[in-house]
Amino acid sequence: MDEPTILLTNDDGIESAGLRAVYDGLDAVGDVTVVAPADDQSAVGRAISHEVSVREHELGYVVEGTPTDCVVAGLEALVPETDLVVAGCNRGANLGAYVLGRSGTVSAAVEATFFEVPAIAVSMYIPVRDDTAFADIEADGDSYAEAVRATAYLADHAFEAGVFEQCDYLNVNAPVAEWGPAEIEVTQPSRVYEMGAVRDGDAVTLHDRIWERMAEGDIPDPEGSDRRAVVDGKVSVSPLTAPHTTEHHEALDALAETYDPAAGP
């Protein structure tokens, strides 16, 4: 492939340092056009709108909508000749199987696959010990260096290597650059799940306990998982397919055969 046309989006908003860092890194790889939300759309999953307003920006386009809105609008109306969608770089990791449907960053990559356009979702891990503190963490462009380096490398070489002939998208998670140079490890999303909830009167606080364990380097995730790789200072790259797959299921087949639509509930 000649120089690819790359649609760059994110869920942190078009003015985020992570998006600008990736834009600068990809500029040497292909023709990059940004189609990104006007403001923070973190954790919106694949939420989509009926209509969005769009305005031009020095990097491309600003969309008053979600990351999924950006991908649909971008691929159908704004950058229809796109060869690759890149989403990120997210300020904070998107690790574990359970986050794939929540993350606006990952959801943008997933949306691209339904247009048969390969994609890369990229995020940067920031060590924090609780969810509240994370909102106060700042990361400048230099902190994204390892994420940018890995993303540019994959965008430049994945097509020729046949990577997207075997997967739909890549979920990339990198450590902060301050940890030093990071090698790439091919991983699978961790199945470890440590969400908890505590009730206090009329309020219930939801809390992901894994972040505190990650900050201490004490995690239960096995070798080969995305979370383990990042905690060990590596760039995790998980090759994934669009999220919903079907498998032959004999027990469900048998149950369906005994169903009587004329019977009462």
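Biologist: What makes D12 count as buried or exposed?

Modeller: The model is predicted, so local features need pLDDT of at least 70, side-chain atom pairs count only at pLDDT 80 or more, and totals for chains, interfaces and linings use all residues. Residues are numbered from 1 along each chain as its sequence is written, and side-chain values use heavy atoms, with hydrogens and water left out. Buried means under 20% relative accessible area, exposed over 50% and partly exposed in between, with a 1.4 Å probe and protein chains only. D12 has a relative accessible area of 18%, so D12 is buried.

Biologist: Where does D12 lie, and how are those elements defined?

Modeller: D12 is in the loop between β1 (5-9) and α1 (17-26). Helices (H or I, at least four residues) and strands (E, at least two) are DSSP runs, numbered from the N terminus.

Biologist: Which side chain makes a polar contact with that of D12, and what makes it one?

Modeller: The partner is the side chain of S42, at 3.3 Å. A polar contact is a pair of N or O atoms within 3.5 Å; within protein, one must be able to donate a hydrogen and the other to accept it, and residues adjacent in sequence count only if both atoms are side-chain atoms.

Biologist: Which residues does the UniProt annotation "binding site" cover?

Modeller: The UniProt record, an unreviewed entry, places that annotation on D11, D12, S42 and N90. They are spread over 80 residues of sequence, yet they cluster in space, with a largest C-alpha distance of 8.9 Å. UniProt positions are given in the numbering used here, feature names are shortened, and annotations may be inferred rather than shown by experiment.

Biologist: Why is N90 called buried?

Modeller: N90 has 7% relative accessibility and therefore counts as buried. N90 belongs to strand β5 (residues 84-91), and a polar atom of the N90 side chain lies 2.8 Å from the backbone oxygen of G92. Beyond four places in sequence, N90 is in contact with D11, D12, T105, V122, S123, M124 and Y144.

Biologist: How many disulfides are there, and how do you know?

Modeller: A disulfide is a pair of cysteine sulfur atoms within 2.5 Å. By this rule the count is 0. For C70 the nearest cysteine sulfur, that of C89, is 17 Å away. For C167 the nearest, again that of C89, is 18 Å away. C70 is buried at a relative accessible area of 0%, and C167 is buried at 6%.

Biologist: Why is helix α3 described as largely enclosed?

Modeller: In α3 (residues 104-114), 10 of the 11 residues are buried, so the helix is largely enclosed by the rest of the structure. The buried residues pack against β1, α2 (67-78), β5, β6 and β7. S103 caps the N-terminal end of α3, with a side-chain oxygen 3.1 Å from the backbone nitrogen of T105. Just after α3, E116 takes a positive phi of about 60°.

Biologist: What makes β7 a mostly covered strand, and which strands pair with it?

Modeller: In β7 (residues 169-175), 7 of its 7 residues are buried. Y169, N171, N173 and P175 point one way, and L170, V172 and A174 the other. Two strands pair if DSSP finds at least two bridges between them. β6 (residues 119-125) runs parallel to β7 with 7 bridges, and A119 stands opposite Y169. β11 (residues 235-240) is antiparallel to β7 over 5 bridges, and L170 has P239 as its bridge partner there.

Biologist: Which residues touch the most other members of the largest nonpolar core?

Modeller: A nonpolar core is a set of buried Ala, Val, Leu, Ile, Met, Phe, Trp, Tyr and Cys residues joined through side-chain atoms within 4.5 Å. The largest has 40 residues, of which L8, V86 and I120 touch the most other members. Among the elements that each supply at least two residues are β1, β5, β6 and β7, while α5 (145-161) gives the most, with 7 residues. Apart from this core lies another of 20 residues, among them L100, V106, V110 and L240.

Biologist: Why is E194 called buried, and which side chain does it join?

Modeller: E194 has 15% relative accessibility and so counts as buried. A polar contact of 2.7 Å joins the side chains of E194 and R213. E194 is placed in the loop between β8 (184-186) and β9 (195-200).

Methods
Contact = heavy atoms within 4.5 Å.
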